[in-house]
Amino acid sequence: FHRVWYSAAPVSGARRMWTGDALIPIQGRLNIENMPNKITGQAHQAVHAELHVPAAAEPGTYLGGIRIANEAGVETVLNVILDVLPATMPPEPTFTVELLAPPTLAILYKKDVSNNDDAGPVEVAYHRAARDHRCTLAALPYLPNGSSSSPFIPPVNGTGLDLDIPSWNAWDGRFQRLLDGTAFMGAAMGSAPVSHMILPVFDNWPTSFETGLLRVDDAIPLEKEKYPVYGGRSDEIDACMAPDYWRGIRAAVRQFRDHFRARGWRETTAHFWLNNNPSANYTGKAPLWYLGTPVYRDDFLALENYARFARADIATWPAGALAVRVAITNASALGAYGTGLFSLLTISDTEPHAWSQLRRRADTTGETLWFESPVVPMAQEPASIEATAIGYFLEGADGWSIRETIGRPENWP
């Protein structure tokens, strides 16, 4: 049994709408008067009940009840009718549901993110909750402002192809349990390692964009904005960054390949995903292209160049162990860009013709298609949410990526 935690979202002016957000396990008795986030005037509380149906259960209709008693001992019995269908879900999900989270997740609980002993248990609890519901929690190891820190990125020595990671201690201390499955020991859905993990290799690491930028003249101010975008020749995108900047991307991905191989981590796909855009508050110089939401020709050409270096050694990875991931907001803008370079497309374009176009492309390129949505559709009924997932599965999606799954910090104690 879980208590529904209500969060307030602004609607218009000072008006707010309360929506069921997180599900908090009920421990002991439920008392509305003593709840930490009680709403003024609240008289009712929704409770979510889950019942595990064993795979060996016979199909049919089962009758039962839930007995509820108040402090005075007055009891009420809720009749429960359970229909077990003649179908068995596979033990391992075949449709990926990704719940994205920021690296600062544990801050919501006033934990020190840099301290594994302090923040680690919170992160593991979220990973286990996702696993129990046939989902994968994926933490993006860097922030939209281009910053990241230990343990989410390991230390580096050298530059270009000579780049080396001298110590994996802090990184392993945080992420080994996900890659070897020990974080899921005793979980109802098994202790297999996470299905995938987003690498910390991005536009500002291992070499900062500011250090790598050679041709400052190619950065032109965007009209009415405080940040620059690329204004050089499209066929010279690679030349506006230092050769060692590009080589550093290749070397860092290679370092992770070697480390995964040495530790025997072969069940997790490593995602190379550039998620940032030009912004005014970036750490150092921001990327000149919309890498996280590509729309223009130069955006896709830049992503192609990053992909070339990230997958330069892909033949030495186990099959399917490295994915070059790109977010697609407009299927028509993608065209033929990235053919032979991109391997996973997360698509927020909801137009039916877009999915028809992308299916034809994937039939040729072998790319995997995931539907992408900005938030958990909390305002929808469960059946509507399930229909959304089934609908995009029928459109050709092999997964669903939900970008905001943690909620607003101001709604947490």
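Visitor: Which residues in α2 meet which residues in α4?
Guide: From α2, Trp171, Asp172, Gln176 and Leu179 meet Phe256, His259, Phe260 and Arg263 of α4. Contact here is heavy atoms within 4.5 Å. By class, four nonpolar, two polar and two charged residues make up the contact of α2 with α4. Ala, Val, Leu, Ile, Met, Phe, Trp, Tyr, Cys and Pro count as nonpolar, Asp, Glu, Lys and Arg as charged, and the others, Gly among them, as polar.

Visitor: Before we go on, what kind of model is this?
Guide: This is a predicted model, where local features need pLDDT of at least 70, side-chain atom pairs count only at pLDDT 80 or more, and totals for chains, interfaces and linings use all residues. Residues are numbered from 1 along each chain as its sequence is written, and side-chain values use heavy atoms, with hydrogens and water left out.

Visitor: Back to the helices. At what angle do the axes of α2 and α4 cross?
Guide: The axes of α2 (residues 169–179) and α4 (residues 243–263) cross at roughly 60° and come within 13 Å. Axes are lines fitted to C-alpha atoms, for helices over the stretch in contact, and angles run from 0 to 180 degrees between N-to-C directions. α2 and α4 are therefore oblique to each other; under 35 degrees counts as roughly parallel, over 145 as roughly antiparallel, 65 to 115 as roughly perpendicular and the rest as oblique.

Visitor: How many helices and strands does the chain have?
Guide: Eight helices and 15 strands. Helices (H or I, at least four residues) and strands (E, at least two) are DSSP runs, numbered from the N terminus.

Visitor: What is the strand order in the open sheet of three strands?
Guide: The order is β2-β1-β3, with antiparallel pairing. Two strands pair if DSSP finds at least two bridges between them. β2 (15–25) and β3 (47–48) are the edge strands, each pairing on one side only. Two bridges join β1 (residues 2–12) to β3, and His2 stands opposite His48 in β3.

Visitor: And how many bridges do β4 and β5 pair over?
Guide: β4 (residues 60–69) and β5 (residues 75–84) pair in the antiparallel sense over 10 bridges. Tyr62 has Leu82 as its bridge partner in β5, and Ile66 has Leu78.

Visitor: Which residue in that hairpin takes a positive phi?
Guide: Gly73, with phi near 90°; the hairpin of β4 and β5 has five residues between the strands.

Visitor: Last one: what does the C-alpha trace span along its principal axes?
Guide: About 75 × 50 × 45 Å.
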